[in-house]
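Hi,

Here is the structure I promised to pass on. Have a look at it first, and my notes follow below.

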Protein chains: 2
Amino acid sequence: MESIRSPEVYTMKGGDGPHSYAKNSTLQRHVIEVAKEAMKETIAEKLDVGAFNSSKTIKIADLGCSVGPNTFEAVETIIEAVRSKYGSQGLSSQIPQFQVFFNDHVSNDFNLLFTTLPRDKQYYAAGVPGSFYERLFPEASLHVVHSSSSLHWLSRVPEEVTNKNSPAWNKGRIHYANSGDEVIRAYKAQGERDMEKFLQLRAQEVVNGGLMLLNSTFNPNGTHPSQCVSHLFVDLIGSSLMELARKGRISEEKVDSFNLPIYLMTPQEMEAAVERNGCFSIERIETLASRPRGNGGNESLDHQMAAHIRAGMEDTITQHFGEDIIDELLDLYRKNIREIFIPFLAKSDGAKGESLLVVLKRKY
Amino acid sequence: MESIRSPEVYTMKGGDGPHSYAKNSTLQRHVIEVAKEAMKETIAEKLDVGAFNSSKTIKIADLGCSVGPNTFEAVETIIEAVRSKYGSQGLSSQIPQFQVFFNDHVSNDFNLLFTTLPRDKQYYAAGVPGSFYERLFPEASLHVVHSSSSLHWLSRVPEEVTNKNSPAWNKGRIHYANSGDEVIRAYKAQGERDMEKFLQLRAQEVVNGGLMLLNSTFNPNGTHPSQCVSHLFVDLIGSSLMELARKGRISEEKVDSFNLPIYLMTPQEMEAAVERNGCFSIERIETLASRPRGNGGNESLDHQMAAHIRAGMEDTITQHFGEDIIDELLDLYRKNIREIFIPFLAKSDGAKGESLLVVLKRKY
C-alpha cells in the first residue's frame with residue numbers, strides 16, 4: 001500500500017459563514033436534484049442484489065463530498081433506492097445496514113460536515129480524508145461510489161502550462177478554453193492521466209458488481225472548449241484577473257503563473273477512459289439538463305455565480321494572489337457574467353454546458 | 001438501528017495552540033507508553049489469527065481518540081503487534097490490510113486529527129463522530145477496539161446530584177470523592193449503567209474473537225474514593241471553584257449546579273460489569289504503573305497538571321462558568337496541587353491512582 005502523499009489541494013470554502021460552500025452550493029444542488037431520479041432509476045435497474053447478498057453492510061462512499069447538505073441528500077437518495085430494490089425483490093427482511101464514507105481533501109471542513117449530519121440518519125457515518133487520486137479504502141470494500149461536481153478537479157495543474165520555455169505556456173490565461181492547441185493538449189493529457197488513475201484505484205476498492213454513479217460538468221462531444229458554457233464560466237475568472245493586472249492591482253506574471261486544475265472531459269473521452277481501464281462496464285451515460293438559470297431570473301445570476309466561485313475557489317485564488325483582491329475580483333467577475341456570460345447563454349442552445357451522468361459497474 | 005441522539009458532550013480542547021490537548025497530553029501519553037508493552041504481549045498471546053483469516057482487512061477502532069499524537073502511537077503499536085503475530089504464525093504472506101476508525105465526540109477537532117495523520121501511515125484512516133455510548137459501527141465490523149484515558153467519562157452527570165430536593169444533591173462539590181454516600185451511590189449507578197451500555201453496544205460491533213484493549217484511570221479495590229490520588233486530582237478543581245465562590249468571583253449556586261461526569265471504576269466493578277454483560281471473556285486485567293511524577297521533579301508537576309486540566313476540561317468549565325475565571329481558577333488549582341496534592345502523593349503508597357488495563361475477547 002502506498003503511503004499517503006500530499007498532492008496539490010483545492011478545497012471548497014469551509015465553515016458556514018455567508019461565503020461558505022455550505023451556503024453557496026445552489027448550482028451543485030441543482031445537479032443533484034436532476035441526478036436524483038436518474039440515480040434511483042439506475043439503482044432499481046442495475047443494482048445486483050445477489051452480488052451483495054453475503055454482505056450485512058452496504059458501504060457507500062461519496063468522493064469529493066465537501067460539506068452538507070448536498071452530500072447528505074445524495075446519500076439518502078442512494079440508500080432509499082437500495083432499500084426499494086431489496087423490497088421489490090421480496091427481500092425486505094434482508095435489508096442490510098449502511099455505512100457511509102464521506103471523502104474529501106484533508107483540508108475539507110470535516111468538523112462542519114460532522115456537526116451537520118442529519119439527526120435522523122439511518123446509517124453509520126465516517127469521514128475519510130484524502131485525494132481521490134490516491135487509495136482511500138481497503139480492497140473490495142465499497143458497494144456504491146458516488147461523486148458529484150468533483151471529477152473536473154485535476155490532481156494538479158499540468159506542468160507545461162506554467163513553464164515559460166514550453167510551447168504549452170499559458171500566458172495571460174488561467175485556463176485552456178481560449179488558449180492555443182498546445183495548452184488544450186496539455187490539459188487533456190492531464191485529464192486522461194487522472195481519470196486513468198481514478199478508475200484504476202476505484203477498480204481496487206469497489207466489490208465486483210458494485211456501482212459507481214459519477215456526475216460531472218462536461219464538454220459536449222464535438223464542441224470546442226471556447227464554445228462550452230461551463231468553460232466560459234471559469235474563463236471569465238481569468239479575464240477578470242487580467243483586468244486587475246491591467247489596473248496594476250496584481251502583476252501580469254502572477255496571472256501567468258496561475259492556472260486552474262480543472263478539465264472538462266467529453267462523453268467520448270470518458271467512454272474511452274473506461275474502455276482503456278477495462279474493469280468497469282458502462283451501464284448508463286447521459287447528459288442531464290441542469291444549466292443554472294438563476295433563482296430570480298438573470299438579474300441575480302451574476303450574484304449567484306460569483307457566490308459560487310467564492311465558495312468553490314476563494315481559497316485557491318487567495319493562496320496565489322492574497323486576500324486583498326478578492327472583493328474587487330468578484331465585482332469584475334459579476335460584471336463579466338452580466339456582460340458576456342448571460343448574452344452567451346441566451347444565444348447558445350440548451351444542450352451545451354449541462355451535467356454528465358455516468359454509471360459504471362465493476363465487472364465480475 | 002437507533003438514530004443518533006446528541007448526549008451531553010465533553011470534549012478535549014481542539015486546535016494546536018499552547019493550551020490544546022495536542023500539546024498537553026503528557027499524562028495520557030505516559031499511560032500509552034506503559035500500556036504499549038502490555039498491549040503487544042496481549043496481542044501476541046491472545047489474538048486469534050484463525051478467527052480473522054477470512055478477513056482481508058483488519059478493522060481497528062480507537063474510541064475517545066481526541067487528536068494526535070497519542071492515538072496514532074497506540075494504533076501503530078496495535079498494527080505492529082498484529083503483523084508480528086501473523087509473522088510468528090508463518091502467515092507473513094497473508095498479512096492483511098488495516099483500516100483504522102478514529103472515534104470521538106462530534107465536537108472533537110477532526111480537522112486537526114486529519115491534518116496531523118502520520119505521513120507514512122500504513123493503514124486506511126477514517127474519522128467516526130459520536131459518543132461511544134451509542135452505536136457507531138455496523139454489526140460485527142471491528143476486529144480490535146482500543147480506548148485509552150476515556151472510559152472514565154460518563155454519558156451524563158447523574159440526575160440526582162444536581163437536584164436540590166434529592167438526598168444525593170452534591171452541594172458545594174463538583175465530584176463525589178469527598179461527598180456523602182448518596183452522591184457516591186448516584187455516581188456509581190451511572191457508571192454501571194454506562195459500562196453496561198458500552199459493553200452491550202461493543203458486543204454488537206466486535207466480531208467473534210475480536211479484542212478490546214481498554215485503558216483507564218481507576219479506583220483501587222477497597223480504597224475509598226477520597227483516598228484515591230486520581231480523585232484528588234479532580235476534587236481540587238472543586239476546591240478551587242469554591243475558593244472563587246468565597247471570593248465572590250462566582251456564585252455558590254453556580255458551583256452547586258456544576259458536576260463533572262467522571263466516574264472511576266474499581267477493577268472489581270469492571271469485572272462484575274463484564275460478567276453481567278456475558279459477551280466477553282476477560283483475557284487480562286492488571287494495573288499499570290503510570291503515576292504522574294512531573295517532568296522536572298515536583299516543582300513542575302503543578303504546572304503540568306494545570307495544563308492537563310486546561311486541555312481536558314477547559315471547555316466543560318467555561319461553558320458553565322464563562323471564560324473570565326479560567327486563569328484565576330488555574331492559579332488556585334496550581335496552588336492546591338502544590339499544597340495538597342504533592343504532599344498527599346508523597347505519603348500515599350505507589351499502588352494508588354495508577355492505570356487499569358483490561359483486555360476483553362468477544363466470545364464465539
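Which residue of chain A comes closest to the rotation axis? A:Gly127 does, with its C-alpha at 2.4 Å.

Before the rest, some housekeeping. This is a predicted model, so local features need pLDDT of at least 70 and side-chain atom pairs count only at pLDDT 80 or more, while totals for chains, interfaces and linings use all residues. Residues are numbered from 1 along each chain as its sequence is written, chains are lettered from A and ligands numbered from 1 in the order in which they are written, and side-chain values use heavy atoms, with hydrogens and water left out.

**How the two chains pair up**

Chain A superposes on chain B by a rotation of 180° with 0.0 Å of shift along its axis, at an RMSD of 0.0 Å. That is what a two-fold axis does.

Chain A and chain B each bring 35 residues to the contact, where contact means heavy atoms within 4.5 Å. Because 100% of the interface residues of chain A are also interface residues in chain B, the copies meet through the same surface.

About 3000 Å² is buried between chain A and chain B, and carbon and sulfur atoms give 56% of that. Buried area here is the accessible area (1.4 Å probe) that two parts lose on being put together, summed over both. Across this interface the rule finds 0 salt bridges, a salt bridge being a side-chain nitrogen of Lys or Arg within 4 Å of a carboxyl oxygen of Asp or Glu. What turns up instead is a set of 10 residue pairs in polar contact, both residues at pLDDT 80 or more. For a polar contact, a pair of N or O atoms must be within 3.5 Å; within protein, one must be able to donate a hydrogen and the other to accept it, and residues adjacent in sequence count only if both atoms are side-chain atoms.

On the side of chain A that touches chain B, the elements giving two or more residues are β1 (57-63), β2 (97-104), α4 (110-115) and β3 (124-129) of chain A. The largest share, 6 residues, comes from β3(A). Helices (H or I, at least four residues) and strands (E, at least two) are DSSP runs, numbered from the N terminus. By class, this side of chain A has 17 nonpolar, 10 polar and 8 charged residues. Ala, Val, Leu, Ile, Met, Phe, Trp, Tyr, Cys and Pro count as nonpolar, Asp, Glu, Lys and Arg as charged, and the others, Gly among them, as polar.

**Salt bridges**

Over all chains the count comes to 36 salt bridges. One of them pairs B:Glu205 with B:Arg135 at 3.4 Å, N to O. This one ties together distant parts of the chain: B:Glu205 is in helix α5 (residues 181-205) of chain B and B:Arg135 is in the loop between β3 (124-129) and β4 (142-148) of chain B, 70 residues apart. B:Glu205 is buried at 0% relative accessibility, and B:Arg135 is buried too, at 13%. (Buried means under 20% relative accessible area, exposed over 50%, partly exposed in between, with a 1.4 Å probe and protein chains only.)

Another joins B:Arg310 and B:Asp327, with the closest N and O atoms 3.2 Å apart. B:Arg310 is buried at 13%, whereas B:Asp327 is partly exposed at 46%.

B:Pro69 sits in the loop between β1 (57-63) and α3 (70-88) of chain B.

Two residues to check for positive phi are B:Ala140, at about 45° although it is not a glycine, and B:Ser149, not a glycine either, at about 50°. B:Ala140 lies in the loop between β3 and β4 of chain B and is partly exposed at 33%. B:Ser149 is in the loop between β4 and α5 of chain B and is buried at 15%.

Cheers

Technical notes
Copies are superposed by least squares on the C-alpha atoms of residues with pLDDT of at least 70 in both.
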